[in-house]
Amino acid sequence: MTKAYKIDARACTVTEVEVDGINDMHKEIGCTPFTISNSVDRTVPDIFVDDEGLWTEEPLFFICAGHMQPLCGNGLAMDVDEEGESIKPRMSIEKFRERVQFVSIIKVNGTPRIFPRTPELESGQ
């Protein structure tokens with residue numbers, strides 16, 4: 001079992017989970033095909049995301065500092081070792097949470113705009 005950080009785009013949460021292979025990764029992300037967003041900042045974990053997240057009825061996004069663009073759907077953050085194997089993130093979950101922001105991307109007058117999302121906004125509180 002390997003620890004990972006699950007980014008839940010609907011609940012706007014980041015939690016620690018354990019995965020044991022690709023089937024667990026599919027379950028945690030909520031998809032079958034996934035892709036990897038490689039961090040440009042090697043202190044930040046790479047993130048596995050739903051490869052078909054943009055094709056869902058209601059795409060949900062998050063931004064993670066160290067990654068080049070908003071990511072769609074749920075994510076699973078992990079580091080890699082020298083041999084390319086997925087390992088537990090080296091960054092603490094507290095520091096990682098500080099780098100993640102949940103957002104909506106909405107077209108305003110034809111131009112995509114990014115707006116913050118929080119659990120409170122999502123539940124109408």
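Trainee: How many bridges join strand 4 to strand 7?

Mentor: In this predicted model, strand 4 and strand 7 (residues 75-80) run antiparallel, and within that pairing aspartate 46 stands opposite methionine 78 of strand 7. The number of bridges that join strand 4 to strand 7 is 4.

Trainee: Which residue in strand 4 is the bridge partner of isoleucine 36?

Mentor: Strand 3 (residues 34-37) also pairs with strand 4, in the antiparallel sense and over 4 bridges. Within strand 4, the bridge partner of isoleucine 36 is phenylalanine 48.

Trainee: Is strand 4 largely enclosed by the rest of the structure or exposed, and why?

Mentor: Buried here stands for under 20% relative accessible area. Because 5 of the 5 residues of strand 4 (residues 46-50) are buried, the strand is largely enclosed by the rest of the structure.

Trainee: How many disulfides are there by the rule used?

Mentor: A disulfide needs two cysteine sulfur atoms within 2.5 Å. The sulfur of cysteine 12, a buried residue with a relative accessible area of 9%, has its closest cysteine sulfur in cysteine 72 at 13 Å, which is too far for a bond. Cysteine 72 is in no disulfide either, as the nearest cysteine sulfur, that of cysteine 31, is 11 Å away. By this rule the count of disulfides is 0.

Trainee: What is the area of the nonpolar surface patch made by Ile106, Val108 and Phe115?

Mentor: Phenylalanine 115 lies in strand 10 (residues 111-116) and is partly exposed, with a relative accessible area of 36%. Together with Ile106 and Val108, Phe115 makes a nonpolar surface patch of about 230 Å².

Key: Residues are numbered from 1 along each chain as its sequence is written. This is a predicted model: local features need pLDDT of at least 70, side-chain atom pairs count only at pLDDT 80 or more; totals for chains, interfaces and linings use all residues. Side-chain values use heavy atoms; hydrogens and water are left out. Patches are made of residues with over 30% relative accessible area and no salt bridge: like charges are joined within 9 Å, nonpolar side chains (Val, Leu, Ile, Met, Phe, Trp, Tyr) within 5 Å. Accessible areas come from the Shrake-Rupley method with a 1.4 Å probe; for residues, only the protein chains shown count as cover. A salt bridge is a side-chain nitrogen of Lys or Arg within 4 Å of a carboxyl oxygen of Asp or Glu. Helices (H or I, at least four residues) and strands (E, at least two) are DSSP runs, numbered from the N terminus. Buried means under 20% relative accessible area, exposed over 50%, partly exposed in between (1.4 Å probe, protein chains only). Two strands pair if DSSP finds at least two bridges between them.
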